[in-house]
Amino acid sequence: MNIEDHRRLRESLGAFALDQLSPGERTAVQAHLDGCADCRAELAEILPLAAPLKLVDPARLDQDPGAPPAWLEGSILGAIKAEPRRTGRWWLAAAAAVLLIGGAGIGYAVAPDPPKIPLESVQVTAVAAGVRSTADVVPHTWGMEIKLVGTGFAPGKKYHVVVLDGQGKVAPAGEFIGTGAKQMSCNLNSAVLRADARSFEVLDETDQVILRGQV
Ligand SMILES: [Zn+2]
């Protein structure tokens with residue numbers, strides 16, 4: 001792969017993390033990631049930042065088209081401010097995803113469906129009172145995705161998720177905002193491979209463990 005092709009592929013990692021690529025493009029990126037440690041490292045940094053965008057539930061947007069929630073824009077702006085050196089075009093892909101979401105859900109609705117991947121249901125133990133949750137994990141070539149559904153996370157409060165491997169190493173898997181009694185559903189991505197992952201934890205703003213999952 002020449003330098004120009006590699007630059008273009010690297011710029012598509014943001015869109016890849018957001019599931020915004022066509023199946024063909026996605027396959028090309030996946031094949032490249034298998035052989036390129038640099039791009040895997042780049043993706044590992046992008047995934048936790050991209051996760052808030054994936055919180056948006058397309059089903060809810062269909063019923064309630066409108067502007068993206070303020071916290072969603074806030075997450076992106078916050079991430080940009082936190083990472084000023086990250087000026088590559090992948091942020092355009094992130095912004096485009098927000099515009100699609102903002103466009104009355106139409107753009108989101110016509111986006112290609114991600115390929116159907118079998119979900120693996122995992123055991124979740126709530127540590128905090130009032131929290132009820134289930135989780136499935138999806139193995140990817142670049143890491144593991146956690147699909148978390150639950151209620152009882154304090155509304156408006158920020159939670160972060162980490163994945164632990166067999167050596168006790170901790171990797172970030174993204175953040176979400178609690179929705180109280182209303183069911184919350186989000187996809188969280190970590191760069192820990194499914195085979196290496198042992199558990200994940202959801203922590204609150206004071207780093208208290210709210211729930212644990214065995215994977
Ligand atoms: Zn590469």
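Trainee: Is R7 buried, partly exposed or exposed, and at what relative accessibility?

Mentor: Buried means under 20% relative accessible area, exposed over 50%, and partly exposed in between, with a 1.4 Å probe and protein chains only. R7 counts as partly exposed, at 39% relative accessibility. Please note that this is a predicted model, in which local features need pLDDT of at least 70, side-chain atom pairs count only at pLDDT 80 or more, and totals for chains, interfaces and linings use all residues. Residues are numbered from 1 along each chain as its sequence is written, and side-chain values use heavy atoms, with hydrogens and water left out.

Trainee: With which residue does R7 form a salt bridge?

Mentor: Side chains of opposite charge can pair when their charged atoms come close. A salt bridge is a side-chain nitrogen of Lys or Arg within 4 Å of a carboxyl oxygen of Asp or Glu. R7 pairs with E11, the closest N and O atoms being 2.7 Å apart. Both lie in helix α1, four residues apart, about one turn of the helix; helices (H or I, at least four residues) and strands (E, at least two) are DSSP runs numbered from the N terminus. E11 counts as buried, at 19% relative accessibility.

Trainee: How many salt bridges does this rule give, and which residue pairs with E4?

Mentor: The count comes to nine. E4 pairs with R8, with the closest N and O atoms 3.5 Å apart. These two residues are also four apart in helix α1 (residues 3-11) and so are separated by about one helical turn. E4 is partly exposed at 36%, and R8 is partly exposed at 46%. Elsewhere, E145 forms a salt bridge with K147 at 3.4 Å between the closest N and O atoms. Salt bridges that share partners join E4, D5, R7, R8 and E11 into one network.

Trainee: How many disulfides does the structure hold?

Mentor: A disulfide is a covalent bond between the sulfur atoms of two cysteines. The criterion is a pair of cysteine sulfur atoms within 2.5 Å, and the structure holds zero. C39 is buried, at 0% relative accessible area, and C186 is buried, at 2%.

Trainee: Where is confidence lowest and where is it highest?

Mentor: pLDDT is the predictor's confidence in each residue, from 0 to 100. Confidence is lowest in helix α8 (residues 106-110), at a mean of 37, and highest in strand β7 (residues 197-203), at 96. Over residues 83-87 the pLDDT is below 50, and this stretch has eight contacts (heavy atoms within 4.5 Å) beyond near neighbours in sequence. Where pLDDT is low, the predicted coordinates should not be read in detail.
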